[in-house]
Each structure stands twice: as structure tokens, then as C-alpha cells.
Amino acid sequence: MAAAADADADAAGERAAGAGLGSRSAAEERSLLHPSLFSAYSDEDLVERAFEPAQKIVVSISSDPDDPDADDEHLYYGGHAPPFSWRKLWLFTGPGFLMSIAFLDPGNLEGDLQAGATAGDTLLWLLFWATAMGLLVQLLAARLGVATGKHLAELCRDEYPDWARRGLWLMAEVSMVSADIQEVIGSAIAIKILSNGFLPIWVGVVITALDCFFFLSLENYGVRKLEAVFAVLIATMAWSFAWMFIKTKPNGKDIIIGILVPRLSSRVISQAVGLVGCVITPHNVFLHSALVQSRKIDPHKEYQVREALRYYTIESTMALVVPFMINLFVTTVFAKGFYGTKEAGNIGLENAGHFLQEKFGEDFFPILYIWGIGLLAAGTSSTITGTYAGQFIMSGFLNWRLKKWIRALITRSFAIVPTITVAVYFNTSDSALDVLNEWLNVLQSIQIPFALIPLITLVSKEQVMGVFKIGPRTQIATWAVASVPIIINGCLLLDFFSSEVKGLLSGLVLFAAVIAYVSFLLYLIFRGIAVFS
């Protein structure tokens, strides 16, 4: 039956090759656009989906009740895009801002403050281009989700053999848990700050776990309600860090020069690597490819897909302007206060607020608490999106048809149990938390290729994307972009393990792990290059 479906898809593609778009039948159009989707549709009821049809937001604003998209369809088939609509942009607004939370998690904020304290404003250009690189990756994730009607984890389940699928799932879970630990501890630190140290970090971890369930429960009242909560949290972060920026008055000329003039010295290499490594988080790629399906778009209708990609591109670009500005605020505030001082090398999330209070704080301006509010908003929002991503990763790779609250409980448990453990164990000093953060950054760095390479492979594959596959130039650009964090993080890992690993036994274990890691990575790369060629 699958063979027959493939044969029909091929025949439809050949017929469509010499015909105009307007002359295709609905069946021919569906087959040409997505030949890979139809061989498994007989089992569609057994497949877990990111959003049920009743949950999806209607994005059509046509006044024709019988055919709400008729006018737009006519324009696309006539070779003209419909006029831009602010109202439609508003309907598509949401997924990009949820995705942007990953650019603002506590790990990013720590990278920002350390870059500012150690390198001043000299790495702002790198922050700008790293954000642009992250935007390209997220646009590819959105393109994949819209054009196929499936998210990245689901497509990996269909694309790769069982052993590779399980390996990718394991890597995604490790990435999600390591990021979640940072996010939860960031929230716990903020709670400790705002309670004047009355609540220890482990109590903050428990509170964060519980409020995550509360916010996720808002999805039962509609996706728009959950998106509104994130809008409030992002606005809180923007207000907090903008307030700090205005009060500390960084030098505007130095900021402009830092953005426009690339400068990189050998003494700030580790901060530069941390700045780039924080931007691309593997679980966020899975998340965005699923979130774009919250709108009612038929992936079998080319004009709807093209319209969705148009508005999602605008929305995602606008969404990432906000985290870029917030990251810039944090970097420049700490550059103004601590660059060139003896405290520069000792600042982390745990003590950053106290350093700010000593440097800039006044009785009428409690900058310590402003920092705590912003950090709490960053940690809370990122833990929610992390749990959200974990549900998509689990359901996509494993196709577990579980109730959402059960999936959320399992996903939370993966992170909360180890987080409470490390919070109690590492809460002995600031330096202990810094060591933990280093190891977590390494764990996330290891996972980056296992999200990027499958993404690029799939968006380059005509059997998956149909007419929406990316072209050769875009493929070259995306492989080049993917190689940057892979190479940078490879150097980081080599340096990290060479300083941390001691003894023959630990060296042998590490060598075996590296061999397995590189072998899996090469398998994915060669499979992706085969699609490209």
C-alpha cells in the first residue's frame, strides 16, 4: 500500500512538472507538496500531534463564510502575494515570542554579564551576529513545521532508523534537562534574592516546579492565554533590564562601536564561545517547529503555507529583536560597572545582584530587587517553555499518546529530581554553582549538532518538504552556520576535558565516549550530505 502511494506521488509529480499551479488537482497538489506524508496517513489516528484541531487558532480573516481563503488563494495562484495585513500578523504572533524565551534564559544572562564584565562592550558585534545566526536556524524550524504539518521530533522518528532515533531522543532529553537545571536554579536564585535570603535555593526549586504546572494549565483555556502570560513575562524582563540600563547610563558611543566593529582578543575567547553557545539551544529548535502548528494551516495547500511562512518570518524577526536588546542591556550594564575591576572574574548569577547593589544601588533605587525580578521572569518563562519542549520531544520521538498533564509531570520529573539534588549539593558556595554551570554548558554544547544536522537534512529533502525544500545556496549557508557552533564547541570541549580529566581510567572512558560521539555525528553529517548531493 505504501509503494502504491509512493507511485501515485511520483506520477502526480511528473504530471505537475509540465502544468501550471492553477491546473493541478487537489490530490496532485498534495502529492507534489508532501509525498512523504501520505503513506502513513492510514494510521493517523494513532499518531500524537503537537496540537489537536480544536486547539488551533484560525488565521483567516476573509468575509466569505463558504470559502474563507478564496481571495488569497486566487492571488497566490495568479502569481501575486496578497497585500500585507496587520491583523493577520497579529493572528500569527505568538510562537516566535515563545521561541525567543530561550534567548533570555538564566544561562544566557550569565553569559551576558560575564562577557560584559570581562570584555566590556567589545563582544556586542558577536552578540548581534549570534542572534542573527539563531534567527536563521529558527526560521528553518518554522519552515519545517509549517510545510510538513509535523514537528522535528516526529520527522526524525520517520526519517532515521530505530537506533539513530533513540540516540537523537536521548541527546534531546539530555539537552533539555541540562538547560532546565540552569533555568530552575536561576529562578531559585531570584526567589532567594527577593526573599532576602530567607528561602534557600532548594525551596526555590520546588516553588518553580509548582508554578510551572500552574502556568501550563492555562493552555486548557486556549493557546492565546498561554501566549499572553509569556508576553507579560517578556515585558517584565524588558522593563527590569531597561530600567537598569537607563539608571547606569552606559556610554552610547562605545555601544555603537561594539556592535559595528568586530574585535576579539585571546583573553576573552571563553566568553565569546559562551556567548555563541548560549544562543542556539537544541530543545528550542524542536519547540519552534511544533509551536508554529498552533495556527490552523493546511500543509497541503501551497498558498496557505506560503502565507504562514511570510508572516512567521516577520514575527520571528520581530520577536528576536526583544531578546537582543535585553541581552545588550545586561552586557552593557555589567561592562559599565565591572569591566577592568577586580570583581570582573568573580561575577555569576548568584552574586551579580549584590555586586550591582554595591556599585549602583541607592535607597530609592533597589537595583538588587530589580535584577531579581528580571531574573525570576527569565527563569520562570524558560522553565515553562522547557517543559513544553520536553512534551513535544517525548511525544514526537516515542509517539506516546499520554494526557498532557502526565507528559508534563514526566518531563518535570526528569529535571526537578536532579535539580533539587544538585541545588542541595552545590549550594555550598558561589564557586560550586559556577562549576555546575560550566558542566551544564558543556552538556548543552555537545547536543547542538544533534538538533541542527537533522533539521538541515530534513529541510533540504524534497521527499519531506516538497516544493518548500531550501535551495542549494540556502543549504550551503545553513551548513556554514551549523559548522560555526560545532567547531567552536568542539574546541571548547577539548579545552574543558583536557583540564578536567585526570588519570588513565577517566581518560579511557572519555576516549570511548568521544569515539561513539564522533561516529554518530559523522553518520548524521554524511546522511545529510547525501541529501544535499
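The side chains of arginine 295 and glutamate 227 meet in a salt bridge with an N to O distance of 2.8 Å, where a salt bridge means a side-chain nitrogen of Lys or Arg within 4 Å of a carboxyl oxygen of Asp or Glu. This pair links distant parts of the chain, since arginine 295 sits in the loop between α14 (282–291) and α15 while glutamate 227 belongs to helix α11, 68 residues apart. Helices here are DSSP runs of H or I with at least four residues, numbered from the N terminus. The model is a predicted one, in which local features need pLDDT of at least 70 and side-chain atom pairs count only at pLDDT 80 or more, whereas totals for chains, interfaces and linings use all residues. Residues are numbered from 1 along each chain as its sequence is written, and side-chain values use heavy atoms, with hydrogens and water left out.

Arginine 224 and glutamate 227 both lie in helix α11 (residues 223–248), 3 residues apart, which is about one turn of the helix. Glutamate 227 has a relative accessible area of 7%, while arginine 224, at 26%, counts as partly exposed.

A search of the whole structure finds 10 salt bridges, and another of them joins glutamate 159 to arginine 527 at 3.5 Å, N to O. Glutamate 159 lies in helix α8 (residues 152–159) and arginine 527 in helix α23, so this pair ties together parts that are 368 residues apart in sequence. Glutamate 159 is buried, with a relative accessible area of 12%, whereas arginine 527 is partly exposed at 27%.

Helix α23 (residues 504–532) also holds isoleucine 529, which is partly exposed with a relative accessible area of 39%.

Leaving aside neighbours within four places in sequence, serine 382 is in contact with Ile101, Asp105, Pro106 and Glu183, contact meaning heavy atoms within 4.5 Å.

Terms used: Helices (H or I, at least four residues) and strands (E, at least two) are DSSP runs, numbered from the N terminus. Buried means under 20% relative accessible area, exposed over 50%, partly exposed in between (1.4 Å probe, protein chains only).
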